[in-house]
Amino acid sequence: MTLLSLHNVTKRFGGLTAVNGLTFDLAAGETVGLLGPNGSGKTTALNMISGYLPVSDGAIALSGDTISTLGPERIAHRGVARTFQLVRALPSLSVGENVLAALAFRKEPVWGKAAEARIGALLADVGLAGRADQPADSLTYIDLKRMELARALASDPKLLLLDEWLAGLNPTELRAGIDLITSLRQRGITILLVEHVMDAVRALCSRCVVMNAGTKIADGPTSEVLADPEVIRAYLGEDHA
Amino acid sequence: MTTFRRRTVLQGMGVSALATALAGLPVFAQDRTAIRIGYAVPKTGANAAGAGISTTPNYLLWVDDVNKAGGLELSKLGVTLPLEVVEYDDRSSSEELVRAVERLATQDNADFILPSWGTGPNLASGPTFDRFGYPQLGATAVTDMAPDLAKRWKHSFWLLGGGHDYANALVQLLVKQREAGTINNKVAIASVADGFGIDLSKAATPAFTEAGFELVYDKTYPLGTSDFAPIINEVSGLGVDTFVAFSYPPDTFALTQQSVVANFSPKVFYLGVGTAFPIYPGIAGPNHDGVMGVGGIDPDSEKLAAYFERHTALNGQAPDSWASAITYASLEMLQQAIVRVGDLDREAITAELSSGEFDTVIGKVKLVDNQLRALWTVGQWQGGKFVGLAHTERDGSRDPVVPKPAWVPAA
Amino acid sequence: MGVASARSVLVAHPHPNPPHKGEGVLLCLSNHRSAHMLFSAILTGLVLGGTYALVAMGLTLQYGVARIMNLAYGDIIIAASFGAFVLFTALGINPLLGMLIVIPAGFALSWLIYAVMLQPLARRSRDRGRLEGDSILATFGLLFVIQGVALVIFGSGFMSYSFLAVPVDIMGTTIAANRLLAFVLAVVFGLGLWLMLTRTRFGTVIRAVAANPASAPLVGINVDSVARFAFAIGGALAAAGGVVVSMYLTFSATMGVIFTMKALIVVIMGGVGNLMGALAAGLILGLVETLVASFIDPGLTLAATYLIFLAVLVVRPQGLFGKAAR
Amino acid sequence: MMKLALALIALVALAFVPAFAGPYPLGLGIGILGYGVLATAWAMFSGPTRYISLATVAFFGLGAYTVAVLADVLPYPLVLVVAALVGLIVALIVGLATLRLAGIYFVIFTFGLTELVRQLVTYYEVNVTRTLGRYVFLPLEPEHIYWQLLALLAATLAIAFWVRRSRIGLALRVIGDDPVVASHLGVRITRTKLTLFSISCVIMTLAGAIQAPRWTYIEPSIVFNPTTSFLVVIMALLGGPNRLFGPLLGAVPLFLLFEWLSANFPNHYSIILGLLFIAIVFVLPNGVLAAGDSLWSRLTRKAVQS
């Protein structure tokens with residue numbers, strides 16, 4: 001069953017075409033990597049799916065309904081959650097309030113006592129148990145990433161968009177991070193993952209979509225795609241082809 | 001300035017303020033060393049400039065004059081007391097002013113309170129003066145509501161007339177000029193969109209029309225306008241002999257300069273507040289001669305000449321030739337009323353102000369229904385003085401010079 | 001003219017040389033006199049706008065580079081006006097020469113203000129929001145200090161003197177020489193500043209700080225000293241504006257805030273930190289003011305100014321030339 | 001519960017002030033309450049969102065004008081209702097117009113808006129009614145104004161308290177921190193901002209309406225005085241706009257300070273005030289906002305201990 005489908009999605013910034021006719025589908029329960037060199041349009045694509053950027057052309061559908069005409073809050077209410085390439089914590093709120101913010105503005109809001117219990121559980125899930133009252137701006141980078149993930153999970157997403165969530169972690173943290181995402185996959189959450197850490201991609205994704213200069217250049221099982229000469233060329237340049 | 005003894009009134013505001021208010025101690029004559037005069041005037045904010053010309057210098061001069069003469073004799077109490085001053089900055093805000101008057105009346109126990117500057121502030125503080133029974137000598141308020149206000153607030157006095165007085169006088173003066181054949185029938189009016197300008201233009205528009213003048217331009221411009229070229233350019237093509245601007249000081253100056261530049265030199269050039277200011281000749285240069293405006297003085301009065309000298313000596317600037325003399329005269333009236341009553345009974349003094357006749361720098365003054373009806377309404381710069389051309393009760397002191405001399409291009 | 005006569009009810013409108021009783025704006029404009037009025041309105045509008053632009057350029061530099069929202073900007077202008085006034089009336093120094101004294105004084109004063117008062121604030125605040133709050137409060141205080149000193153020295157009265165109030169004829173439209181001079185100076189200063197910013201190494205450095213203060217130190221730029229210098233240049237421009245304005249405007253010690261707000265409006269409308277924006281916005285506002293005064297109603301000039309300003313922001317929230325936020 | 005009781009006692013005690021305070025302390029009380037209401041209402045929206053609005057006096061003035069226009073036509077309570085409605089409608093229009101603006105652009109926009117409102121009111125009065133000033137002759141004594149303002153302040157604080165505890169308050173804080181995150185969490189930014197902005201503006205409008213009878217005479221330059229907007233911002237920033245009582249904590253001492261300075265140093269008011277402001281910014285080393293916060297936390301800590 002198709003959860004997310006992009007059809008001919010295009011984004012132009014003035015004269016620059018950042019994403020050009022991008023088309024791919026995501027089946028429910030799938031974990032797919034969205035790959036490509038820097039500036040290839042991955043994050044732009046993610047931003048269009050989450051509604052942060054309007055599409056210039058084409059359409060995005062979630063469970064068959066067009067969402068590319070909606071704003072981010074409406075898309076969030078339909079079950080799409082995300083993290084950001086550069087962590088965006090809510091610095092003046094506590095860790096718990098950061099998660100509460102996601103619970104409180106879901107389609108079926110959770111508030112009050114019920115929320116407190118949920119916050120505890122969500123923070124425990126990402127390894128931040130008992131730190132709800134800490135100010136968010138006092139967290140370390142990895143903990144901020146954890147908090148952001150808890151915040152994304154708080155909305156019980158059908159589709160989770162992770163934008164380089166594993167970047168900048170040391171090997172131990174990376175291991176823990178991969179485990180965490182694996183556990184989400186096992187819960188049945190569909191995940192679209194923009195990632196440069198190839199080990200993680202291999203470990204997590206059954207399938208990959210590769211972009212270069214705004215267009216899709218490959219789409220298929222991870223091992224095949226990563227062996228594709230065009231993909232290698234895109235990543236490493238002409239000389240290595 | 002040496003006569004000032006400003007009390008540090010407010011030490012430990014909350015509690016002590018309450019305590020004093022509760023006590024409200026009567027002040028006995030034998031304890032007195034001075035008559036306390038209180039006033040709140042704008043020293044900062046939008047009204048500061050106006051008050052700095054017509055109001056504050058005259059308050060300073062009066063206090064100085066009285067104290068140099070040894071103070072005021074209170075015959076019933078058998079003492080002669082100097083004046084002491086409590087002054088506040090009302091920051092050009094009605095809210096601050098009302099509170100300052102309340103404070104002067106109840107905290108400082110001022111014997112008399114002098115009003116702030118301008119029409120709005122005088123109206124805003126009217127109820128407060130009335131409530132506490134202080135006579136209010138509104139010498140810088142121009143309002144056609146004066147008869148009603150005087151009835152409403154028994155302690156209020158309105159000394160600068162209303163828009164109709166000035167507008168009608170101007171129209172009558174111009175009718176005579178038209179009959180004499182010196183000016184044509186066309187008039188242009190530009191008014192500042194603020195209290196003064198609107199009051200006067202509201203009165204002037206029908207008056208001009210009734211008198212058979214053709215109003216070829218009658219518009220307002222916003223407060224704070226600095227560029228009058230569009231207005232002057234338009235008006236200068238309309239063939240008017242009479243240009244009337246019910247303007248405020250900065251506009252008055254700018255209109256003069258820009259009319260000179262545009263060589264728009266109508267036979268009658270009439271401007272609003274600021275024309276009578278002592279700095280006007282300095283700004284207009286030789287072109288001030290023949291310019292008409294609101295106000296005026298009697299150039300033949302020796303008393304007034306002496307007042308001008310004293311004012312200049314104390315304040316370093318001459319008074320303006322409209323509201324200044326009236327402000328000073330209002331203080332002389334207060335002074336004479338106090339001496340006549342012989343003590344500090346404010347009700348009796350208010351009654352005396354209403355009914356008595358006073359000898360002041362502007363001549364003999366007797367109020368009608370708490371209003372000063374004897375006013376110079378139209379003035380003109382002639383020979384370095386802003387002479388009165390029209391008066392509500394007597395003939396003008398000089399004949400108008402029409403047409404005024406043509407502009408001399410600036411060097 | 002057509003619009004004007006239609007709007008003012010009480011006005012009986014005789015046309016001096018009625019060709020055909022014009023109805024509607026276009027017909028009226030075809031009328032020779034109205035065409036002339038349009039030309040003169042545009043000319044006076046440009047001249048007025050030139051002053052706005054001159055005054056606003058300094059502020060856009062201060063806010064764009066030094067990140068200080070300087071509420072005392074207008075009071076620096078007024079202080080310079082007083083300076084020119086004193087030099088002219090007491091010492092007989094003509095304002096153009098006076099600029100040679102007043103502008104460096106404005107530069108030095110602003111340099112000092114930044115070094116003593118604002119730099120510590122800028123250093124201690126990590127994020128921009130806090131510096132904004134602190135600088136609003138501190139320059140609000142500075143505004144009162146400058147105004148208070150002017151009040152004590154000069155009193156609250158109106159100040160005005162006459163300099164170059166002579167007519168200059170430009171294709172049948174007369175304009176005061178002092179206003180024309182203001183326009184010329186605005187163009188000269190604007191051009192000079194623009195050349196400095198685009199053609200010199202130092203200008204590049206300033207623009208780099210304006211564009212990205214966080215990464216400027218990475219390429220070896222001392223942000224502190226650049227900001228201080230930009231703030232001082234802004235002060236020098238304010239002083240220049242003050243001298244120019246004093247030549248033809250009546251001013252008083254309490255009028256500074258009027259200039260601050262006008263300058264802020266021009267800066268914001270043009271886009272923060274953008275000189276061309278300030279120039280364009282200043283000219284637009286000047287034109288709007290005179291056109292509305294000439295053809296619609298002088299009573300609506302300021303309303304029209306603010307309306308245009310608000311409309312620009314509604315359509316382009318980052319100002320005419322500003323870069324989109326985020 | 002304890003806090004609520006304390007608040008009620010304080011309210012009742014304040015309600016009795018006019019019974020024994022003289023006219024001047026009552027006048028002070030009116031001024032403090034007036035600014036307290038404005039600062040608290042301002043902070044309700046601007047505190048969490050950090051959108052510094054200079055439109056305070058636009059709403060304040062509209063309220064005063066509504067009273068001036070309708071005082072003779074409608075019964076007084078109805079006039080207040082109309083004033084609130086006027087404030088609401090204008091707030092919605094302004095709110096919609098400013099949705100895309102942020103930072104300094106928002107600040108100056110709101111300032112320009114105030115001036116536009118003032119110019120339009122002036123133009124209307126000058127050209128349509130042919131008078132500029134209006135008179136408000138209502139049989140309201142200062143104590144009536146005091147009580148109304150006290151009630152308004154109590155209501156404002158109650159609303160602010162409720163907002164802080166409710167989802168909409170959290171939504172506003174999230175928007176203030178990061179509008180992008182807010183929208184991705186499902187916060188309806190437009191609706192939230194508009195709601196809070198409207199509530200805040202309606203309160204400001206009422207503050208102007210209630211105080212209008214005190215001046216008797218009203219004209220645009222009196223009621224649309226931009227200084228008021230600036231003072232409100234300064235008061236709220238100084239006291240800490242993100243605390244329930246923060247704005248009040250700023251309004252009371254500043255108001256008394258202004259009063260004291262203008263009374264004792266009428267000729268050097270500006271200089272002293274200015275120097276004080278600069279000193280305040282410097283003496284509080286972590287910036288004014290943080291100082292307000294730390295003072296607050298010290299106070300509450302003491303309260304907890306006792």
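Modeller: Happy to, so we'll go through chain contacts, the core, helix packing and a few backbone details.

Modeller: This is a predicted model, so local features need pLDDT of at least 70 and side-chain atom pairs count only at pLDDT 80 or more, while totals for chains, interfaces and linings use all residues. Residues are numbered from 1 along each chain as its sequence is written, and chains are lettered from A and ligands numbered from 1 in the order in which they are written.

Colleague: Got it. Which chains have the most contacts between them?

Modeller: Four pairs of chains touch, and the most contacts are between chains B and C. In contact means that the C-beta atoms of two residues, placed from the backbone, lie within 7 Å. Chain C puts 40 residues into its contact with chain B, and chain B puts in 45.

Colleague: Which parts of chain C supply its side of that contact?

Modeller: At least two residues each come from α3 (32-65), β2 (173-176), α11 (275-295) and α12 of chain C. Helices (H or I, at least four residues) and strands (E, at least two) are DSSP runs, numbered from the N terminus. Helix α3(C) gives the largest share, six residues. By type, the side of chain C that touches chain B has 20 nonpolar, 17 polar and three charged residues. Here Ala, Val, Leu, Ile, Met, Phe, Trp, Tyr, Cys and Pro count as nonpolar, Asp, Glu, Lys and Arg as charged, and the others, Gly among them, as polar.

Colleague: And how many residues of chain C are in contact with chain D?

Modeller: There, 40 residues of chain C meet 34 residues of chain D. The elements of chain C giving two or more residues are α5 (95-124), α6 (128-154), α10 (256-270) and α12 (301-315), and α6(C) has the largest share with 17 residues. That side of chain C divides into 29 nonpolar, nine polar and two charged residues.

Colleague: Where does chain A sit relative to chain C, at their closest C-alpha atoms?

Modeller: Their closest C-alpha atoms lie 12 Å apart, and no contact joins chain A and chain C. Chain A has no contact with chain B either, and there the closest C-alpha atoms are 37 Å apart.

Colleague: Switching topic: which residues touch the most other members of the largest nonpolar core?

Modeller: C:A240 and C:V266 do, in a core of 434 residues. A nonpolar core is a set of buried Ala, Val, Leu, Ile, Met, Phe, Trp, Tyr and Cys residues joined through C-beta atoms within 7 Å. Helix α9 (residues 223-248) of chain C contributes the most to this core, with 17 residues. Leaving out residues up to four places away in sequence, C:A240 touches C:L54, C:M99, C:I103, C:L185 and C:F189.

Colleague: What about C:F183, buried or exposed?

Modeller: C:F183 is buried, because 24 other C-beta atoms lie within 10 Å. The scale is buried at 20 or more other C-beta atoms within 10 Å of a residue's own, exposed at 12 or fewer, and partly exposed in between, with C-beta atoms placed from the backbone. C:F183 belongs to helix α7 (residues 177-199) of chain C. Not counting residues up to four places away in sequence, C:F183 touches C:L46, C:V47 and C:G50. C:F183 and C:L54 are 129 residues apart in sequence, yet their C-alpha atoms are 8.3 Å apart in space.

Colleague: Nice. At what angle do helices α7 and α8 of chain B cross?

Modeller: Helix α7 (residues 163-179) of chain B and helix α8 (residues 195-210) of chain B cross at roughly 35°, with axes that come within 8 Å. Axes are lines fitted to C-alpha atoms, for helices over the stretch in contact, and angles run from 0 to 180 degrees between N-to-C directions. The α7(B) residues there include B:Y166, B:L170 and B:V171, and those of α8(B) include B:L200, B:A207 and B:F208. Their contact divides into nine nonpolar, three polar and two charged residues.

Colleague: Last one: where is the cis peptide bond in chain B?

Modeller: The bond from B:V402 to B:P403 is cis, with omega near -5°. B:P403 lies in the segment after β16 (385-391) of chain B.

Colleague: And what is phi at B:S92?

Modeller: Phi of B:S92 is near 55°, a positive value in a residue other than glycine. B:S92 lies in the loop between β4 (83-89) and α4 (94-106) of chain B, and counts as buried with 28 C-beta neighbours inside 10 Å. B:N263 also has a positive phi, near 50°, in the loop between α10 (249-261) and β11 (268-271) of chain B. With 13 C-beta neighbours inside 10 Å, B:N263 counts as partly exposed.
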